[in-house]
Amino acid sequence: MNDAMRSFCAALLLTTIGTTLAPATALATVRAPLPAPRAAATTMSRVPEGWYRPLYSVAGARRVHVKAFALDRIPVTRGAFLQFVQAHPQWARGTVLRVFAQSRYLADWPSASSAGSAVDLERPVTGVSWFAAKAYCAAVGKRLPTLDEWELVAAASESRRDASGDGAYRRRLLALYAARKPGAPPSIANTPANAYGVRGMHGLVWEWTLDFNSIVVADDSRASGSGQDARDHHLFCASAAIGASDVTDFPAFARYAVRAGLTARSTISGVGFRCAADHPV
Amino acid sequence: MLPFHLSAPRTPMARMLLELALVVLALLAIVGLAGCGAPVDAAEANAASGVPIRTPSSEVIGEEVAVLTTAPAVPAPITRTHATKVIVNLDVIEQTMRLADGVEYNMWTFGGSVPGSFIRVREGDQVELRLKNAANSTMPHNIDLHAVTGPGGGAKSSLTLPGGESVFTFAALNPGLYVYHCATSPVPMHMANGMYGMILVEPKAGLPKVDREYYVMQSEFYTTGAFGAKGLQTLDMQKGIDERPTYVVFNGSVGALTGEKALQAKVGERVRLFVGDAGPNLTSSFHVIGEIFDNVYQEGGTSATQHNVQTTLIPAGGSAIVEFGVEKAGDLILVDHSIFRAFNKGALGILHVSGPDDAKVFASIKGLGVGGE
């Protein structure tokens, strides 16, 4: 059994645990209402249906269709996540169940109840597990974006919705990844909006997707999605190039490698998330 | 049993011929059977074929933590005469480091240096490799050691996210000098950013005694700015694809082996260089100006396959061991003799030889090199 398979199985198991335990823990807590989100038009972008070319795809499916959806314009901030954990203490540092998060959950925060300075509150939240990200999105009436949804929007530059074949854009992405500073992610304020009006897809943090490691993709949707191969691909050495749609897409290889290394419990200082919805919420 | 009946031969000559024919037939039958996969003794087959099927040591005694060194230093030769369990603690650290004067680069490193820590184990050792990726890393990393017999050279078992640790174990079956490197996708980026080093699996009988051992590794950097352009440089992917390096260096930076950091030896000493070529693209025409390699273990194997060599070819992802006695005081200059790389891209190092001069080895008689005129 290889690593990817192991993490796949572990995550599948944990997903099962999660779906059985999560409602119980939610019921056990008095649910404080979250502050009403700002007008949907300002926090989410509508993304019309479209096609994109995944790095890895099932044989024959060179382009993947993505239905219209809505995506948060910015990653979830520490401030927003702080409100979430205040309303749902079972997701606070120290009380979160170990099956849902590794030990470094929200480790960058000064304490379980403080996410840092006013500047810190505007940074993307990181060090959150997939379980926590999924719970957050559910709490605000949204969901995590699928890998295909995320990648469709990530292919957009400031001026073009599909900049995937644009060498200059790709070079910029690689420079952005390379220039990432370990530690606190930069402020969201300075990141430009792409053609969908979405900001910070590349310059801030790696982001969770619903099916980051194909963990919740059902058999039937694999046929039209790109998730299937992520867990089986030998994302090491030159064999990663086998089956890739574009071997010069280094930024995409890097993203897939990160996802391949994640389990649903991972709490990595460089991994955050944003939420999606079928319709703007 | 022959499948036909033989009537008695009528003459002695005929009998002799028949006997000869029978012997030949019997020999053919034996050879034929062996070729058809009849069971034969494995050890005998190993010895006979020259292609051994290796087995891990049956007896592994004790445990020790490997002493790792930063280039150009090499861990001391192994004096043990038995196999042991060797724990190798290798930390992946991403950090901004000097590439040349005034030029910096976000290096991804094994052990905080480029090239990464030198690992020395003994043939037959059982190695436990513990790969930690620093919590503040931006990328997942893994390790592929060319000394490993196993999936991905270990890479398949070691994809490690920031803050994580992977552990795998392998038998050091084959002796030799091996490159290791990160193999996380996209592997060219991880290697171009500095993720490589070397592991020596010392033969059971050891290597011949020398006075000095050094670790030298050649590699390329592909930067957005031109050679010498100041400031923080980042990877230029297109230059990498085109195999047009901005820098070709020994030990991770321009000047890593010059000035105060030059290698040192004394007249009359024997020097061994463990030389690796990380690539990511180029092969090295490794040469030491003013010296001749007495022994070359080509491609990092365990036999001194060649003697009296001027320049040895080192493949990307490969190595060579060179040995020479130093007979003359002065500076020996390490280069990749693809000479633009040395002159214009940084592939230069110095081995400073101190001690009494011997004019019989070399002396200037007339010309600019001679004092006074």
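Contact means heavy atoms within 4.5 Å. Helices (H or I, at least four residues) and strands (E, at least two) are DSSP runs, numbered from the N terminus. The structure is a predicted model, in which local features need pLDDT of at least 70, side-chain atom pairs count only at pLDDT 80 or more, and totals for chains, interfaces and linings use all residues. Residues are numbered from 1 along each chain as its sequence is written, chains are lettered from A and ligands numbered from 1 in the order in which they are written, and side-chain values use heavy atoms, with hydrogens and water left out.

The model scores ipTM 0.72 and pTM 0.80. Confidence in each residue is given by the predictor as pLDDT, from 0 to 100. For chain B the mean pLDDT is 90, and 86% of its residues reach 70 or more. Over residues 1-9 of chain B, however, the pLDDT is below 50. This stretch has six contacts in the model beyond near neighbours in sequence. Residues 28-40 of chain B also stay under 50. For them the model has two contacts beyond four places in sequence.

In chain A, helix α3 spans residues 78-87 and is mostly covered. Seven of its ten residues are buried (under 20% relative accessible area; exposed is over 50%, partly exposed in between; 1.4 Å probe, protein chains only). The buried residues are A:R78, A:G79, A:F81, A:L82, A:F84, A:V85 and A:A87. Their cover includes α4 (118-121) and α5 (130-139) of chain A.

A disulfide is a covalent bond between the sulfur atoms of two cysteines. The cut-off used here is a pair of cysteine sulfur atoms within 2.5 Å. Over all chains, the structure holds one disulfide. It joins A:C137 to A:C275, with S to S at 2.1 Å. The link of A:C137 and A:C275 is left-handed, with -90° about the S-S bond.

A:R274 is buried, with a relative accessible area of 0%. Its side chain makes a polar contact with the side chain of A:E207 at 2.8 Å (a pair of N or O atoms within 3.5 Å; within protein, one must be able to donate a hydrogen and the other to accept it, and residues adjacent in sequence count only if both atoms are side-chain atoms). A polar atom of the A:R274 side chain also lies 3.1 Å from the backbone oxygen of A:R73.

Chain B has five helices and 21 strands. Of its 373 residues, 47% count as buried. B:C182 is buried, with a relative accessible area of 0%. Among the contacts in chain B with a separation of 6 or more, 69% come from residues 24 or more positions apart.

Strand β18 (residues 311-314) of chain B has alternating side chains. B:T312 and B:I314 point to one face and are buried. Strand β15 (residues 284-289) of chain B pairs with β18(B) in the antiparallel sense over four bridges; two strands pair if DSSP finds at least two bridges between them. B:F286 has B:T312 in β18(B) as its bridge partner.
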